Amino acid sequence: MNRFGKGLLIAALVGVVGMAFRVSWNALRDVATATGADETAAFLYPFVVDGLMALALVATLVLTDDARRFALRVLAAYTLASLVLNYVHGLVPQLHDEVVDWGRLADWDPANWALVLLATSLPVGSIYFGSDLVAKVLHHRPIETPTTIPNLDESAETYANRSTADLGVSAPAPITPAPAAAALPAAPVVSLVKSTDRVPVGAVAAESPRPRRATGRVPEAARSSRPARTADQLLTEARKATTTWSDRELTAEGIRRAIRTSPAKARVLRDTLRSEREQAAGTGEAAA
């Protein structure tokens with residue numbers, strides 16, 4: 001429904017409620033006069049009853065849970081009371097005359113007492129229930145609706161990109177790890193303890209709760225008994241070990257295991273041996 005249609009609907013509702021209030025106002029005024037109200041009080045009496053009905057209706061639309069049910073009970077109670085008083089006004093012709101027998105709303109005494117009690121208690125109830133409803137409306141906190149949850153099938157990366165695009169914020173550039181710094185040579189360890197003040201290694205190990213890394217010169221007993229080999233010696237041993245090897249078997253790992261050397265030296269020996277084999281093959285083809 002467009003705005004114009006909604007405006008017509010609200011205007012029609014206000015018109016119907018206004019006419020209904022005018023009809024009910026006549027009956028409630030006569031009932032108030034019959035219960036002893038003066039001219040001003042009788043004029044205001046319909047606003048007390050039907051006005052609280054309108055207030056309870058608005059509170060019902062605003063409140064929730066227990067407060068809303070309380071507003072509905074007040075609305076139902078005052079609607080029923082207004083209906084009873086309008087019904088009595090239609091049954092008792094004396095209420096329509098200018099001279100009214102005060103305190104008589106029915107011929108039967110118990111019914112008359114009940115009707116008088118109802119008519120006189122409605123203003124007091126309007127004060128209590130109206131104040132309570134207004135306090136509940138003023139202290140009401142509307143329930144916040146949760147934001148729309150994205151589809152669970154979307155990946156986190158897709159949702160993050162879409163969110164940043166919607167907000168007009170550029171996605172952060174990927175972080176490139178900084179290149180590792182070149183390894184620096186270890187600084188020589190200088191002992192600040194005099195030779196006469198040195199503590200035996202065994203005593204230090206026994207006192208310290210954590211093992212310490214040994215520094216300084218390696219003891220003679222811990223050194224390898226095999227002498228260091230030169231590059232020519234390593235090449236000679238590699239030639240002897242790989243004499244029967246094919247070109248496919250000539251690998252750095254195989255040379256390392258055969259002559260027990262480091263991977264770097266094994267790669268150098270592999271390249272040297274392959275170069276020698278290529279030269280030998282080229283010389284043989286030239287001689288043929």
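Student: Where does Asp65 lie?

Tutor: Asp65 lies in helix α3, residues 65-91; helices here are DSSP runs of H or I with at least four residues, strands are runs of E with at least two, and both are numbered from the N terminus. This is a predicted model, in which local features need pLDDT of at least 70, side-chain atom pairs count only at pLDDT 80 or more, and totals for chains, interfaces and linings use all residues. Residues are numbered from 1 along each chain as its sequence is written, and side-chain values use heavy atoms, with hydrogens and water left out.

Student: What is phi of Asp65?

Tutor: Near 55°, a positive value in a residue other than glycine. Most residues other than glycine have a negative phi.

Student: And is Asp65 buried or exposed?

Tutor: Asp65 is exposed, at 56% relative accessible area. The cut-offs are under 20% for buried and over 50% for exposed, with partly exposed in between (1.4 Å probe, protein chains only).

Student: What about phi of Arg260?

Tutor: Phi of Arg260 is also positive, near 55°, and Arg260 is not glycine. Arg260 sits in the loop between α8 (252-259) and α9 (263-287), and its relative accessibility of 66% makes it exposed.

Student: Switching to Thr242: buried or exposed?

Tutor: Buried, with a relative accessible area of 4%. Thr242 is in the loop between α7 (231-241) and α8.

Student: Which residues does Thr242 touch?

Tutor: Leaving out residues up to four places away in sequence, Thr242 touches Leu250, Ile255, Leu273 and Arg277. A contact means heavy atoms within 4.5 Å.

Student: OK, the whole chain now. How many helices and strands?

Tutor: Nine helices and zero strands. Of the 288 residues, 20% count as buried.

Student: Last one, α2. How many residues, and what does it reach?

Tutor: Helix α2 (residues 39-62) has 24 residues and reaches 36 Å from first C-alpha to last, close to the expected 34 Å. The expected span is 1.5 Å times one less than the number of residues.

Student: Where does α2 bend?

Tutor: At Asp50, by about 25°; that is the angle between axes fitted to the seven residues ending there and the seven starting there. Asp50 is one of the buried residues of α2, which also include Tyr45, Pro46 and Met53.

Student: What covers them?

Tutor: The cover for the buried residues of α2 includes α1 (3-34), α3 and α4 (109-138).
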